[in-house]
Amino acid sequence: MVEMERQGKKDVQLVLIPCPFQGHINPMLQLGTILYSKGFSVTIAHTEFQFPDTSKHPDFMFLRIPNGSWDQPVSSSNFAAFLSCLNINCKAPLQESLTRKIEEKIGHEDVHLCIIYDGLMYFADEVAFELKLPSIILRTSSATNLLTYLAYPHKLKEGHFPLEEANALDLVPGLQPLRFKDLPVYKFHLNVDILIEVIGATLNLRSSKAIIWNTMDFMEQPSLAQLQLQYKVPVFAIGPMHKLAPTSSGSLLHEDASCITWLDMQANNSVIYISLGSIASMNEKELVEMAWGLANSKQPFLWVIRSDSSCNSDKPEILPEDYKEIVRQRGSINM
């Protein structure tokens, strides 16, 4: 009976479309691992930009999506523009590939396709609609994070943005205890028009039938309930996915394991972990403030600093002089 159930699910072929950045790729691959373990056939449709090493994921089929050219490094200042280009350039190639896939299935009435896409890759839902395929959104961040983006257009109309530095610590009406400087859009005011376009497209449910969230209901029940009222489709909070689907590495970079020996010397549940991910950056003043905040915490910490983490510093050494000596064995800093 179990084998028959698995065989039936193999007839539902899932096409998963991640956003091509580390914090988005990992949850999508983890979701793919979960679904594959339940008997589904999984294809990862990924942009040529940062295309993963397929040999690390032998259970999946892969589909390469041409994404056009982009002639500058992706950063927080041009991230919205880059996303807009991805969504414009990737639609036609994906639709052509899936059309061929559908034509191959003609005569196999029991085989069905379903698209699960990262909410930032909203072109996928347009393709699903035109090909009459069901689609589901994956939200890789918290529910509360999405509420901040929903609030941004309203706060912009109310005159809160561009944000004056003097108001950065003010509480955001309706989003307490968040302050304006806590919002993920705090640093994106230079590209307001493109940002509003991308936010609007990203938050539009379109024809999607459900939303999967990489979060937990008991941690975000009020936010999830608010979003359920907004979207009126089933919402599945099934995170954290890395706990449900330990998988082979999806890292886009060489993984530095040199910190493991240091971590093994620390007490359980004692280490603060800090990483800005692959896109976000700070100015030199913010980086120095973070450095001294960690030093003054008196807690052991593991801090991953990209070479371009400080967006306006040309110094080869971006940390304060003698900082590493001051924190000594209490801080592990990977650069």
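## Helix packing and backbone features

In helix α6, the residues L146, Y149, L150, Y152, P153 and L156 meet V192, L195, I196, I199 and L203 of helix α7. By class, this contact between α6 and α7 has 11 nonpolar residues, no polar and no charged ones. The structure is a predicted model, and the values below are computed from it.

Two packed helices are described by the angle between their axes and the distance between the axes. For α6 and α7, the angle is about 135 degrees and the axes are 10 Å apart. The two helices are therefore oblique to each other, since an angle has to be over 145 degrees to count as roughly antiparallel. The crossing in which α6 passes α7 is left-handed.

Helix α7 (residues 192–203) also packs with helix α3 (residues 79–89), and their axes come within 9 Å and cross at roughly 50 degrees. This pair, α3 and α7, is therefore oblique as well. Here α3 passes α7 in a left-handed crossing. On the α3 side the residues are A80, A81, L83 and S84, and they meet I194, L195, E197 and V198 in α7. The residues of this contact of α3 with α7 divide into 6 nonpolar, 1 polar and 1 charged.

A further pair is α4 and α5, with axes that come within 9 Å and cross at roughly 40 degrees. The helices α4 and α5 are therefore oblique to each other, because the angle would have to be under 35 degrees to count as roughly parallel. In this case α4 passes α5 in a right-handed crossing. K91, L94, Q95 and L98 of α4 meet F123, A124, E126, V127 and E130 of α5. By class, the contact of α4 with α5 has 5 nonpolar, 1 polar and 3 charged residues.

| Helix pair | Axis angle | Axis distance |
|---|---|---|
| α6 and α7 | about 135 degrees | 10 Å |
| α3 and α7 | roughly 50 degrees | within 9 Å |
| α4 and α5 | roughly 40 degrees | within 9 Å |

How much of α3 is covered? Helix α3 is mostly covered, with 8 of its 11 residues buried. The buried residues are F79, A80, A81, F82, L83, S84, L86 and N87. They pack against strand β2 (41–47) and against the helices α4, α5 (123–130) and α7.

R100 sits in helix α4, which spans residues 91–105. With a relative accessible area of 47%, R100 is partly exposed, because a residue counts as exposed only over 50%. Between R100 and Q72 there are 28 residues in sequence and 33 Å in space, taken from C-alpha to C-alpha.

The loops hold several backbone features. Q176 and P177 are joined by a cis peptide bond with an omega of about 15 degrees. P177 belongs to the loop between α6 (143–157) and α7. Another cis peptide bond joins G239 and P240, with omega about -5 degrees. P240 is placed in the loop between β7 (235–237) and α9 (241–244).

K132, a residue other than glycine, has a positive phi, near 60 degrees. K132 lies in the loop between α5 and β5. Its relative accessibility is 74%, so K132 counts as exposed. R206 is not a glycine either, yet R206 has a positive phi of about 55 degrees. The loop between α7 and β6 (211–213) contains R206. R206 is partly exposed, at a relative accessible area of 29%.

Where pLDDT is low, the predicted coordinates should not be read in detail.

Methods:
Residues are numbered from 1 along each chain as its sequence is written. This is a predicted model: local features need pLDDT of at least 70, side-chain atom pairs count only at pLDDT 80 or more; totals for chains, interfaces and linings use all residues. Side-chain values use heavy atoms; hydrogens and water are left out. Helices (H or I, at least four residues) and strands (E, at least two) are DSSP runs, numbered from the N terminus. Buried means under 20% relative accessible area, exposed over 50%, partly exposed in between (1.4 Å probe, protein chains only). Axes are lines fitted to C-alpha atoms, for helices over the stretch in contact, and angles run from 0 to 180 degrees between N-to-C directions. Angles under 35 degrees count as roughly parallel, over 145 as roughly antiparallel, 65 to 115 as roughly perpendicular and the rest as oblique. A crossing is left-handed if the near helix is turned anticlockwise from the far one by less than a right angle, and right-handed if clockwise. Contact means heavy atoms within 4.5 Å. Ala, Val, Leu, Ile, Met, Phe, Trp, Tyr, Cys and Pro count as nonpolar, Asp, Glu, Lys and Arg as charged, and the others, Gly among them, as polar.
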